[in-house]
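Reader: Hi! Could you walk me through this one while I have it open?

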Amino acid sequence: MVDFHKRIFFSDEAHFWLNGCVNKQNCRIWSEANPQVYVETPLHPEKLTVWCTLWAGGIIGPYFFKNDESHNVTVNGDRYRAMITNFFIPELNNRDIQELWFQQDGATCHTAHATIDLLKDTFGDRLISRFGPVNWPPRSCELTHLDYFLWGYVKSLVYADKPQTLDHLEDNIRRVIADIRPQMLAKVIENWTSRLDYIRANRGSPMPEIIFKICQVIYSQFGLAIHQNDHQARRRFVEWAQNEIAVVPDFHKRILFSDEAHFWLNGYVNKQNCRIWSEANPQVYVETPLHPEKLTVWCTLWGGGIIGPYFFKNDEGYNVTVNGDRYRAMITNFFIPELNNYDVQELWFQKDGSTCHTARATIDLLKDTFGDRLISRFGPVKRPPRSCDLTPLDYFLWGYVKPLVYADKPQTLDRLEDNIRRVIADIRPQVLEKVIENFTSRLDYIQASRGSPMPEIIFKM
């Protein structure tokens, strides 16, 4: 059935904490620096528990779990079944249920006998679930649209205006989800089939972006991802940025945030022309890429929009990766001419600490345009290392673009390039405005957490 993937209701819950990922009130623990001094940290932060289902027909939800007194609560078996009975099933009245499937993950409240029986009353054997007629594979968030798209997209936007109450946060969540365009959902749904192809070709291995999500959590727990001096560098940068905003309230809108990303053909891997030994049998080989075909893409994002994308190519027009000479050529021939219509004296430029960005020739070239308004490793204003939670391209743009450009399974780099150009061009100014405003909330979080990385970035990276 060609459109089978469009007939599956993918469902999931997520927690949305007030003030971003943490509510910095009403709980105290001892400080690491001095056991006689305490700092505030949340034990039971205020949060909303939100459920949605996403399919080709749109999004059903959000549903907010509340008790009989309308207080926000977390989910358990009874509340989940009440939601299914009183909210979800009535929403299906205008649809042909016999053509539709329902998916849920393996949370205990989902897989209780009473829950499975309730869902089978509606869907019969068309139920994808742990202990269901079709078993859902555990730890497979890369196969759930809500995990690989919806929650990350929504969370990046709902905190832009710094909601101070759960009611305000709930309104934001409803608005952001309602504003998601059908065309975007169609691309997300189509991307699912590419993910199936990838996992089949890799014999069940998780997709790379999910691997990194898991690994970064482990590194953070053991103090490996964030180096010992990073917290201090991040606090210094946040203090500087907040001081600038105190003087010029729209200062954060004047920063040109820049970054590169790689986009591989066929998703994350090109399964051709390279062989390694199979783990299962040393006399049998399988194909895996040593030098997969890819595009290296640069953009800058700021309050005025997006400059780019720029694709690194050599003189013969072939796609290449970035080095110092190519980066400086891009700055000279593409980026600086794009600034002709702006008052550069009001703008700042930010880049990360990769070698091609921080070579002396590169710093000197950028200072010719921006003077001391340069945020960079070895620049006038030091950018803190390992701080992708403070770069809109890392915490929004690349994650937003990548799930969409593979929806039609591009078979050539030219097609992939066209997709990237189209998806970036289609991003609405209102979305970018919220992304930029979210930067100030991130400054507040990092200041309050004394330089710690933001939790959702740990999971994204």
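Author: Happy to, and let's start with one residue. K253 is partly exposed, because its relative accessibility is 34%, which lies between the 20% and 50% cut-offs. Keep in mind that this is a predicted model.

Reader: Thanks! Which residue does K253 form a salt bridge with?

Author: The partner is E437, and the closest N and O atoms are 3.5 Å apart.

Reader: How many salt bridges does the structure hold?

Author: There are 15 salt bridges. One of them joins the side chains of R7 and E99, at 2.3 Å from N to O. That pair also links distant parts of the chain, 92 residues apart: R7 is in the segment before strand 1 (8-17), and E99 is in the loop between helix 1 (77-91) and strand 6 (101-103).

Reader: How covered are those two, R7 and E99?

Author: R7 is buried, with a relative accessible area of 19%, whereas E99 is partly exposed at 38%.

Reader: Which residues are linked with R7 in a network of salt bridges?

Author: D3 and E99 are, so the network consists of D3, R7 and E99.

Reader: What about R421, which residue does it form a salt bridge with?

Author: R421 pairs with E417, with 3.0 Å between the closest N and O atoms. Both sit in helix 13 (residues 413-425), and because they are four residues apart, about one helical turn separates them. R421 is partly exposed, with a relative accessible area of 38%, but E417 is buried at 10%.

Reader: Changing topic: how many disulfides are there?

Author: The count comes to zero disulfides. As for individual cysteines, C109 is buried, with a relative accessible area of 11%, and C141 is partly exposed at 27%.

Reader: Okay, on to the core. Which residues touch the most other members of the largest nonpolar core?

Author: Those are F16, Y153 and F263, in a core of 81 residues.

Reader: What does F263 touch?

Author: Leaving aside residues up to four places away in sequence, F263 touches E293, K294, L295, V297, W398, V401, K402, V405, Y406, L416 and I420.

Reader: And F16, what does it stand opposite?

Author: F16 stands opposite L48 in strand 4. Strand 1 and strand 4 run antiparallel and are joined by eight bridges.

Reader: Is strand 4 mostly covered or mostly open?

Author: Mostly covered: eight of the nine residues in strand 4 (residues 47-55) are buried. Strand 4 also runs antiparallel to strand 5 (residues 58-64), with five bridges between them. These two strands form a hairpin with two residues between them, and T53 has I60 in strand 5 as its bridge partner.

Reader: Nice. What's the overall picture?

Author: The protein chain has 15 helices and 14 strands, and 48% of its 461 residues count as buried. Of the contacts between residues at least 6 apart in sequence, 69% join residues at least 24 apart. The chain exposes about 23000 Å², and carbon and sulfur atoms supply 50% of that.

Note on methods
Residues numbered from 1 in each chain as written. Predicted model: local features only at pLDDT ≥ 70, side-chain atom pairs only at ≥ 80, totals over all residues. Heavy atoms only, no water. Disulfide = S-S within 2.5 Å. Buried < 20%, exposed > 50% of the residue type's maximum accessible area, 1.4 Å probe, protein only. Core = buried A, V, L, I, M, F, W, Y, C linked by side-chain atoms within 4.5 Å. Contact = heavy atoms within 4.5 Å. Salt bridge = Lys/Arg side-chain N within 4 Å of Asp/Glu carboxyl O. Areas by Shrake-Rupley, 256 points an atom, 1.4 Å probe, with all protein chains shown as cover. Pairing = 2+ DSSP bridges.
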